[in-house]
Amino acid sequence: MATMKRLASWLTEPPPYTVGGVMVNRAGLQAARTGYEGVRHAALSLRRRPVRAELSEHLRTLERDGVVAIPEFFDAADFERVEDAVAAWVGSDFVRDYPPDESNPHCDHAALTRYAGVITAKDTSDHEFANTLFRLIGHDQRIRDSAAYVMRHPISEPTQLAYEQLSLRSGHADDTDNLLVLHADRHFPTVKMFLYLNRNGREEGAFEYCRGSHRLTLNRIRFEREYGVHCAHLRHGELDKVPADAKQNGRIGVSKANAERLGLVPEPIVGDANTLVIANNRGFHRRGQMTEGHVRRQIRLVFHNLREPVLARVAIAAHKRISGSGD
Ligand SMILES: O=C(O)CCC(=O)C(=O)O
Ligand SMILES: [Fe+2]
């Protein structure tokens with residue numbers, strides 16, 4: 001049963017960050033997977049398509065730094081429409097307070113109030129606010145082109161829009177959440193976007209990114225080898241076998257030596273409401289620590305369809321044909 005489940009997820013989901021046991025990772029499995037992804041990306045880059053002039057400077061920054069913040073992304077009228085739709089979203093059943101997760105002291109811990117809600121394209125027909133948000137954000141050609149640029153192949157619209165509102169409970173320190181730990185999301189270029197709904201500054205725990213850390217270097221491959229071994233230990237419930245400075249808040253982090261070798265310098269990506277942050281999350285990043293009395297609000301654009309294996313793409317195409325909802 002477990003094997004069937006694993007086979008099904010291998011056929012239908014994008015590649016996981018790490019796989020396999022301790023021995024194969026010690027032998028270099030994760031380093032090899034990372035190297036393979038580097039070659040694949042370089043090959044895809046050979047047939048890069050031209051980008052629109054209005055995006056070209058931002059995409060150059062994204063290529064150089066791995067992150068770009070675009071202020072005043074929407075014109076004033078459209079951003080007002082986004083805000084109105086968000087108000088309806090927040091007032092709906094989709095958005096709720098996530099209580100601390102008792103089973104994981106490091107995830108949604110007691111220090112934060114976290115309002116969150118997810119909408120998908122499925123929710124558009126019944127909910128006017130979801131229609132508006134997918135029309136304005138999901139189908140925005142600049143957003144789709146930017147995601148395609150990072151991945152080096154065309155993509156469809158984001159699969160999810162997620163509302164997030166964070167604040168620090170009075171009298172708590174913001175230091176146990178696992179998103180505070182510097183990490184990369186994957187060993188290949190992968191994109192996330194954040195549309196700021198209010199000012200996300202240092203006090204609001206703005207997204208932090210280490211500029212340039214998305215590049216694939218020999219030091220990164222060396223890091224990945226170690227990371228693969230440490231994650232294998234974690235999967236086997238052997239976190240005690242991971243050196244103390246390579247783990248934090250229940251997850252594998254970056255040791256001091258690796259942070260130095262990789263030249264990681266986290267920087268808050270600060271912006272006002274209506275700033276769109278585009279990040280290549282092969283680079284290292286984390287959430288900034290929040291200060292009491294401040295609130296962080298954003299819409300997160302999730303593109304889980306970026307690296308669909310062939311079978312998933314065939315299934316989606318067949319479904320679209322049957323339901324007659326072609327793109
Ligand atoms: O919430 C943040 O600022 C960082 C979250 C993160 O690590 C991610 O979205 O991949
Ligand atoms: Fe992340």
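What share of the contacts in the chain with a separation of 6 or more comes from residues 24 or more positions apart?

Analyst: The model is predicted, and here local features need pLDDT of at least 70, side-chain atom pairs count only at pLDDT 80 or more, and totals for chains, interfaces and linings use all residues. Residues are numbered from 1 along each chain as its sequence is written, while chains are lettered from A and ligands numbered from 1 in the order in which they are written.

Residues 24 or more positions apart account for 82% of the contacts in the chain with a separation of 6 or more, two residues being in contact if their C-beta atoms, placed from the backbone, lie within 7 Å. Of the 327 residues, 32% count as buried, a term that requires 20 or more other C-beta atoms within 10 Å of the residue's own, with C-beta atoms placed from the backbone.

Apart from its neighbours within four places in sequence, Val-277 is in contact with Val-67, Ala-69, Met-193, Phe-194, Phe-207, Ile-269 and Gly-271. In general, nonpolar side chains tend to be buried together in soluble globular proteins.

The chain's secondary structure comprises ten helices and twelve strands, taken as DSSP runs (H or I of at least four residues for helices, E of at least two for strands) and numbered from the N terminus.

How values were computed: A residue is buried if 20 or more other C-beta atoms lie within 10 Å of its own, exposed if 12 or fewer, and partly exposed in between; C-beta atoms are placed from the backbone.
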